[in-house]
Amino acid sequence: MGKILRETSRPSSNSWSTSPSSAPATTSSTSITDTVRGSHRFKITGYSLSKGIGIGKYIASDIFSVGGYDWAIYFYPDGKSVEDNATHVSLFIALASEGTDVRALFELTLLDQSGKERHKVHSHFERTLESGPYTLKYRGSMWGYKRFFKRTALETSDYLKDDCLSVHCSVGVVKSHTEGPKIYSIAILPSNIGQQFGKLLESGKGSDVSFEVNGEIFAAHKLVLAARSPVFRAQLFGPMKDQNTRCINYLKESCPSVLTELLEYVARFTEHSDFMYKHRNEAILDGSDINGRRVKQRL
């Protein structure tokens with residue numbers, strides 16, 4: 001399971017001091033080694049015309065990529081080694097890109113073209129416990145067989161059909177990496193709840209209380225007012241709440257503009273509202289001014 005970290009204030013340096021009874025921290029990691037596998041099929045037509053090309057000379061497949069490296073299949077019709085005197089064909093897989101100490105597993109298969117599926121397979125994958133992956137030191141390093149198949153036997157076999165050979169090569173590049181606990185960092189955006197409540201106040205949607213001042217009606221929301229002001233909380237939900245909490249009337253001499261600013265301040269959650277700016281020397285959040293008089297009295 002991954003961990004989710006949230007940005008919090010840093011503890012003081014004293015809080016990091018370890019007590020004798022505290023348990024030592026335990027961490028863990030996992031080393032993962034696996035193979036990235038891929039394959040390529042190489043068709044060789046005109047086999048008889050390639051005979052006599054010369055010992056040590058090869059026919060190359062197109063370059064293909066596996067595990068971040070390029071590879072190519074080399075087929076030697078007259079063999080790779082002079083000592084074999086062209087009695088065997090040779091088959092190799094070669095590293096065709098830059099790389100040092102590339103570790104890989106290989107499989108070379110000469111396909112049976114009779115439909116009997118009696119393929120000739122030389123696989124390194126099945127011998128991993130015996131010798132481990134093969135290491136290619138540099139570009140041009142090869143893995144394969146100098147005496148892959150005796151030529152006289154090949155030319156009378158089901159592997160050669162219509163003067164054509166078909167080779168299938170599999171490569172498994174060994175990759176290793178170490179994994180620790182996954183840590184996800186999620187950015188916590190600043191809250192815009194004030195703007196949202198402000199828009200709710202402006203729209204009047206879902207309002208459940210209204211204030212009447214000098215004949216003007218102002219719609220609001222009880223829970224928002226009660227959450228932000230103990231005065232409104234007592235007036236709307238307290239034991240001494242007004243008898244009519246659907247519509248609250250203020251005195252005729254009250255000022256509608258002050259109520260508008262007060263409701264906007266309470267809803268928008270910001271000290272930079274017009275109400276706080278204009279009355280910053282008087283107003284405080286609980287609905288009272290600095291002399292203890294209720295904002296209700298100002299209205």
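Tutor: Let's start with helix α6, residues 230–237, where F232, Q235 and L236 are buried. Buried means under 20% relative accessible area, exposed means over 50%, and partly exposed is in between (1.4 Å probe, protein chains only). Looking down the axis of α6, you'd find its buried residues within an arc of 90°, so they line one face of the helix. That arc is taken from the directions from the helix axis to the C-beta atoms.

Keep in mind that this is a predicted model: local features need pLDDT of at least 70, side-chain atom pairs count only at pLDDT 80 or more, and totals for chains, interfaces and linings use all residues. Residues are numbered from 1 along each chain as its sequence is written, and side-chain values use heavy atoms, leaving out hydrogens and water.

Now zoom out. The chain has nine helices and 15 strands, taken from DSSP runs (H or I, at least four residues, for helices; E, at least two, for strands) and numbered from the N terminus. Of its 299 residues, 38% are buried.

Where do the nonpolar ones gather? The largest nonpolar core has 29 residues, and W71, I93 and V171 touch the most other members. (A core is a set of buried Ala, Val, Leu, Ile, Met, Phe, Trp, Tyr and Cys residues joined through side-chain atoms within 4.5 Å.) Several strands give at least two residues each to this core, among them β2 (30–45), β5 (69–76), β6 (88–95) and β11 (164–179). V171 has quite a list of partners, including V36, F64, W71, I93, L105 and F125. In soluble globular proteins, nonpolar side chains tend to be buried together.

If you count disulfides, meaning cysteine sulfur atoms within 2.5 Å, you get zero.

Charged side chains do some pairing as well. There are six salt bridges in the count, each with a side-chain nitrogen of Lys or Arg within 4 Å of a carboxyl oxygen of Asp or Glu. In one of them, K51 meets E155 at 3.0 Å, N to O. Those two are 104 residues apart: K51 is in the loop between α1 (47–50) and β3, and E155 is in the loop between α3 (151–154) and β11. K51 is partly exposed, at 34% relative accessibility, and E155 is partly exposed at 29%.

Another bridge joins R139 and E98, at 3.4 Å from N to O. R139 is in the loop between β9 (134–136) and β10, while E98 is in the loop between β6 and β7, so this pair ties together parts 41 residues apart in sequence. E98 is exposed, with a relative accessible area of 60%, whereas R139 is partly exposed at 49%.

In a further bridge, D158 pairs with K116, with the closest N and O atoms 3.9 Å apart. D158 lies in the loop between α3 and β11 and K116 in the loop between β7 and β8 (120–123), so parts 42 residues apart in sequence are tied together here.

Terms used:
Contact means heavy atoms within 4.5 Å. Lists of a residue's contacts leave out its neighbours within four places in sequence.
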